[in-house]
Amino acid sequence: MVVVSTTSSPPMDKELALILYQQSNLPPLSVLQYQTNIPPQFIWPDHEKPCLNPPELAIPSVDMGNFLAGGSLAVSKACEVIDKACRRNGFFQVVNHGVDAKLVAKAHEYMDLFFGMELAEKQRAQRKLGEHCGYWSSFTGRFTSKLPWKETLSLRYVDDKRFSNGVEEYFLNVLGEDFRPFGKVYQEYCEAMNALALQIMELLGVSLGVGRLFFRDFYEGNDSIMRLSYYPPCQRPDLALGTGPHCDPTSFTILHQDQVGGLQVLVDEKWYSIAPNPHAFVVNIGDTFMALTNGVYKSCLHQAVVNNRSARKSLAFFLCPNMEKVVTPPTSLVSDKNPRLYPDFTWANLLEFTQKVQRAEMKTLEAFSSWLQHKN
Ligand SMILES: C=C1C[C@]23C[C@H]1CC[C@H]2[C@]1(C)CCC[C@@](C)(C(=O)O)[C@H]1[C@@H]3C(=O)O
Ligand SMILES: O=C(O)CCC(=O)C(=O)O
Ligand SMILES: [Fe+2]
């Protein structure tokens with residue numbers, strides 16, 4: 001069933017509307033954003049309906065400036081904050097991170113340009129079924145219910161000299177020479193995120209007592225995902241969700257959200273919002289790192305809500321291990337008292353699970369573990 005209210009929509013090319021209707025039964029969000037009658041595919045069940053005005057989370061801040069300056073007292077202070085946050089819910093933010101504010105601003109600017117393009121142009125980078133990179137929007141996706149109110153562009157970033165210009169080349173190969181400036185900005189942004197991610201890994205190694213280089217080395221050659229998310233306004237933010245409740249299946253995420261706000265996290269069964277801070281990156285532990293620490297550091301349920309006033313953007317760098325690396329916790333984190341919680345796996349296994357078997361939601365790690373054990 002399609003619910004199309006024609007009252008407040010801007011005009012749309014009739015031929016395009018027809019093609020889209022035939023393909024998916026859903027008009028694109030550029031049309032739906034004006035409608036109060038939203039298609040049922042976007043309406044989330046009652047127990048997952050968005051919480052619109054939750055209290056703000058007092059998110060712990062880690063000053064990377066002190067760490068970068070190299071003082072050992074500063075490192076142990078930062079690690080104390082990280083350890084406490086990661087044992088509890090896996091969310092903290094980093095400030096004085098050394099990433100150029102102009103680069104972050106450019107990355108947002110180019111998102112406006114990309115998502116503002118004609119649909120057919122964006123679809124030249126269409127993400128294929130079962131793959132995790134490319135342009136994606138709900139009406140072209142693999143799901144039919146609990147659709148997220150967003151469009152995304154996901155890019156693969158590999159920390160390997162052999163793919164040193166991989167992001168830039170993606171734009172050139174898929175979208176053409178005119179997109180070189182996009183490629184350059186996101187190449188540079190991914191490199192900055194990778195450098196920051198490896199620094200945070202050093203802090204995580206110290207805070208878990210496994211040594212400063214343990215995780216840093218593990219994530220060398222990482223095969224990560226850079227995702228640009230664009231959330232158009234929605235006339236029924238009480239019914240729809242930009243990104244539904246989930247734990248990131250990845251290792252950790254470094255997120256920059258714009259000033260609009262919409263990121264929420266579930267702590268002790270209650271939703272809290274994470275206020276935008278243009279100078280900070282929000283970091284959250286994902287399921288892969290939770291497994292790598294044998295459950296000591298937690299991944300935590302979060303979501304992104306939408307609003308009826310303005311579009312929202314976020315830039316997420318999902319750090320992932322190299323596809324071949326076996327995710328197995330260091331021996332110091334396993335004992336009779338703390339037996340293994342998850343089987344050994346590779347990121348290739350978990351990625352396959354989220355792309356071909358079950359969408360990442362709540363309890364993905366448990367579902368994945370039993371799928372893997374039955375598969376082998
Ligand atoms: C490997 C991934 C799958 C998702 C993108 C990255 C990391 C986060 C995952 C995701 C965002 C979790 C919520 C559901 C999802 C389908 C989405 O809303 O986009 C997930 C991504 C995905 O499967 O594409
Ligand atoms: O856009 C956001 O603020 C968060 C999105 C998110 O959690 C994700 O893409 O995994
Ligand atoms: Fe997430």
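Which residue takes a positive phi in the hairpin of β8 and β9? I found that Asp268 does, with phi near 45°, in a hairpin that has two residues between the strands. Helices (H or I, at least four residues) and strands (E, at least two) are DSSP runs, numbered from the N terminus.

Before going on I noted the ground rules. This is a predicted model, where local features need pLDDT of at least 70, side-chain atom pairs count only at pLDDT 80 or more, and totals for chains, interfaces and linings use all residues. Residues are numbered from 1 along each chain as its sequence is written, and chains are lettered from A and ligands numbered from 1 in the order in which they are written.

Entry: strand β8.
I looked up the partners of β8 (residues 263–267), where two strands pair if DSSP finds at least two bridges between them. β8 pairs with β9 (residues 270–273) in the antiparallel sense over four bridges, and Leu266 has Trp271 of β9 as its bridge partner. β8 also runs antiparallel to β11, joined by three bridges; there Val265 stands opposite His302.

Entry: the open sheet.
I traced eight strands in the order β1-β2-β10-β7-β12-β5-β4-β3, with mixed pairing. β1 (61–63) and β3 (134–137) are the edge strands, each pairing on one side only. Neighbouring strands are turned by 25° against each other on average, direction ignored; axes are lines fitted to C-alpha atoms, and angles run from 0 to 180 degrees between N-to-C directions.

Entry: ligand 2.
Which residues are around ligand 2? I counted a residue as near if its C-beta atom, placed from the backbone, lies within 6 Å. The list includes Arg227, Thr243, Asp248, Gln257, His302 and Ser314. β5 (223–231), β7 (252–257), β11 (302–304) and β12 (312–319) each give two or more residues to this shell. By class it has four nonpolar, six polar and two charged residues. Ala, Val, Leu, Ile, Met, Phe, Trp, Tyr, Cys and Pro count as nonpolar, Asp, Glu, Lys and Arg as charged, and the others, Gly among them, as polar.

Entry: ligand 1.
I found 13 residues around ligand 1, the closest being Pro148, Thr243, His246, Phe318 and Ala360. β6 (243–246) and α11 (347–357) each supply at least two residues of the shell. The classes are six nonpolar, five polar and two charged.
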